[in-house]
Amino acid sequence: MIAFRTGRKIPARTELHAVGVCSGDGAERPEDLDWGVLEGRGFEAKAGQVQIVSGPDRPVAVVGLGPADKVTTAVIRKAAGSLARSAKRVRRLSVAVPDAVPDAVERADAVRALAEGLVMGAYTYGRFKSEHKPNLLETVVVIGPGGKAVTDALEQGRRVGEAVCFARDLVNEPGGSLTPTRFAEIAVEMAEREGLAVTVLDLDGIRSAELGGLLGVNRGSEQPPRFVEVTYHPGDDAECRGSVALVGKGLTFDSGGLSIKTGTGMMTMKCDMSGGAAVLGAMAAIAAVAPPVKVTGYVPMTDNMLGGDATRPGDVLTIANGKTVEVLNTDAEGRLVLADALSLACRAQPDAVVDLATLTGACMVALGPKVAGLMGNNQAWIDQLVAAADRAGERVWPLPLPDDYRGQLDSSVADMKNIGGPHGGALTAGLFLSNFVTEGIAWAHLDIAGPAFTDAEEGETTKGGTGFGVRMLLDALVNFEPPSAS
């Protein structure tokens, strides 16, 4: 855990001091640095570029912020993540980066993004390494004006960053150890630590609740499923603008079932619970950001395996809302467990629902590995999520739900099939999910198959699970307004 505080002067024990610099003509440059050396090393003050040079009292990390008129909290977060990795062998760091941020960005917003980026950039996952070398950063002093607003912003940034790292830990743990039972135990530990209400359905409870999608996906597994519900209530005297349901896919490993994946396609399938991890990550920081809304997270948990009684292509499952599904591809399993979770979420009549899932490779084909697909039934709610994503620096792109594609889901033996045609798979998956949302409830679906996992380090993003969605969800909840019917 990194400890943050503010200070007017650089502490004597500081090992590294960081300053921010914007690019372009007229940008201010600290006079006590050797700019000839910096430029000789290729430093151009690009956003996220970091160069460490000698300073009068200690080494100085010069952090690029890019053009001054394009500095945003997303840029600051990215730069802070790069700084954290550059300072990985430093325990005590002082930072004056916010002093270089243009006045258009409020100082509290800047230091919140700084704290988030430093925490996320310092993240490493070493549970299974015999000689793990974690980032050593322990203390960060932000130099400059302080006050309660800045102190509170630093604390919120730290908590949000740690929530993202919590989600990353869940995604990075292999499915052989993060079983549905263990996943649920971690959720309970988190909820109890944060003072949240939590319930867990075991196999008998899932059968009693008639969650046919979850039971169908779990049939080939030796690991029993779980269904977790976590709830946050605003304080008794706090404003409450309504209620929101967060639904996350919790497939702890996906082999594809009898419609088995290739060996290559299976390699990263421990990440198929990234939607559930994002929901639990958001719940882990929800008390810290204190949104003016009741929030309930729903996470169905199972793996998708090939046991002797695994669901066969052609089998028909009955979802919690009574609709039946002909399963023609057991590798399109995420939508089956989400169907149950959406059905249960809608029973509570929330003002809005959003689900997150690593749902389709088709979405990655359409948008690439860094952008999530966003679709839904209410434009006002979609607009809120787009705005939250922009503020959080998590990229989403709206996709349509064409009514004339619904016919691709028609089945001759059940209410619908679980797959559509060969094209537009992200859209037909969204259309499938829409069948389990009660009419009149604002709903959005985020297909995070691309940005949930990465092989590259960039800014605040580290290799492996990214924790995508946590920051966007928290921002959306803090700024939530009940969407008008559409």
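## Loop residues with positive phi

Glu210 sits in the loop that joins α6 (203-208) to α7 (212-218); helices (H or I, at least four residues) and strands (E, at least two) are DSSP runs, numbered from the N terminus. The model is predicted: local features need pLDDT of at least 70, side-chain atom pairs count only at pLDDT 80 or more, and totals for chains, interfaces and linings use all residues. Residues are numbered from 1 along each chain as its sequence is written, and side-chain values use heavy atoms, with hydrogens and water left out.

Most residues other than glycine have a negative phi. Glu210 has a positive phi, near 55°, and its relative accessible area of 57% makes it exposed. Here buried means under 20% relative accessible area, exposed over 50%, and partly exposed in between (1.4 Å probe, protein chains only). Ala45 also has a positive phi, near 65°. Ala45 belongs to the loop between α1 (35-40) and β3 (50-53), and counts as buried at 4% relative accessibility.

## Overall form

The protein chain contains 14 helices and 20 strands. Its C-alpha atoms fill a box of roughly 75 × 50 × 40 Å along the principal axes. The radius of gyration is 23 Å, which agrees with the value near 23 Å for a compact globule of 486 residues; this radius is taken over C-alpha atoms, and the globule rule is 2.2 Å times the number of residues to the power 0.38.

Of the 486 residues, 56% count as buried. The chain exposes about 19800 Å², of which carbon and sulfur atoms supply 49%; accessible areas come from the Shrake-Rupley method with a 1.4 Å probe, and for residues only the protein chains shown count as cover. Among contacts (heavy atoms within 4.5 Å) with a separation of 6 or more, 78% are between residues 24 or more positions apart.

## Nonpolar cores and a buried helix

A nonpolar core is a set of buried Ala, Val, Leu, Ile, Met, Phe, Trp, Tyr and Cys residues joined through side-chain atoms within 4.5 Å. The largest has 62 residues, and those with the most contacts inside it are Leu170, Leu246, Leu280, Met283, Trp381 and Leu446. Helix α9 (residues 274-289) gives the largest share of this core, 10 residues. A second, separate core has 38 residues, including Val105, Ala110, Ala115 and Val140. Leaving aside neighbours within four places in sequence, Leu280 is in contact with Phe166, Leu170, Phe183, Ala187, Met190, Val230, Val299 and Met301.

Helix α14 (residues 470-478) is largely enclosed by the rest of the structure, because eight of its nine residues are buried. Among them are the charged residues Arg471 and Asp475.

## Salt bridges

The whole structure holds 31 salt bridges, each a side-chain nitrogen of Lys or Arg within 4 Å of a carboxyl oxygen of Asp or Glu. Two of them lie in helix α4 (residues 148-172). Asp152 pairs with Lys148 at 2.5 Å, N to O; these two residues are four apart, about one helical turn. Lys148 is exposed at 64% relative accessible area, whereas Asp152 is partly exposed at 36%.

Glu155 forms a salt bridge with Arg158, with the closest N and O atoms 2.5 Å apart. These residues are three apart in α4, again about one helical turn. Glu155 is partly exposed at 37%, and Arg158 is buried at 12%. Asp99 and Arg107 meet in a salt bridge of 3.3 Å, N to O; Asp99 is partly exposed at 48% and Arg107 is partly exposed at 21%. Arg219, Asp309, Arg312 and Asp315 are linked in a salt-bridge network.

## Surface patch and two further sites

Leu258, Ile260 and Leu306 form a nonpolar surface patch with about 250 Å² of accessible area together. Patches are made of residues with over 30% relative accessible area and no salt bridge, with like charges joined within 9 Å and nonpolar side chains (Val, Leu, Ile, Met, Phe, Trp, Tyr) within 5 Å. Leu258 lies in the loop between β10 (250-254) and α8 (263-266), and is partly exposed at 41% relative accessibility.

Gln51 is part of strand β3. Not counting residues up to four places away in sequence, Gln51 touches Leu38, Arg41, Phe43, Val60, Ala61 and Val62. Gly440 lies in the loop between α13 (425-434) and β18 (442-447) and is exposed at 73% relative accessibility.
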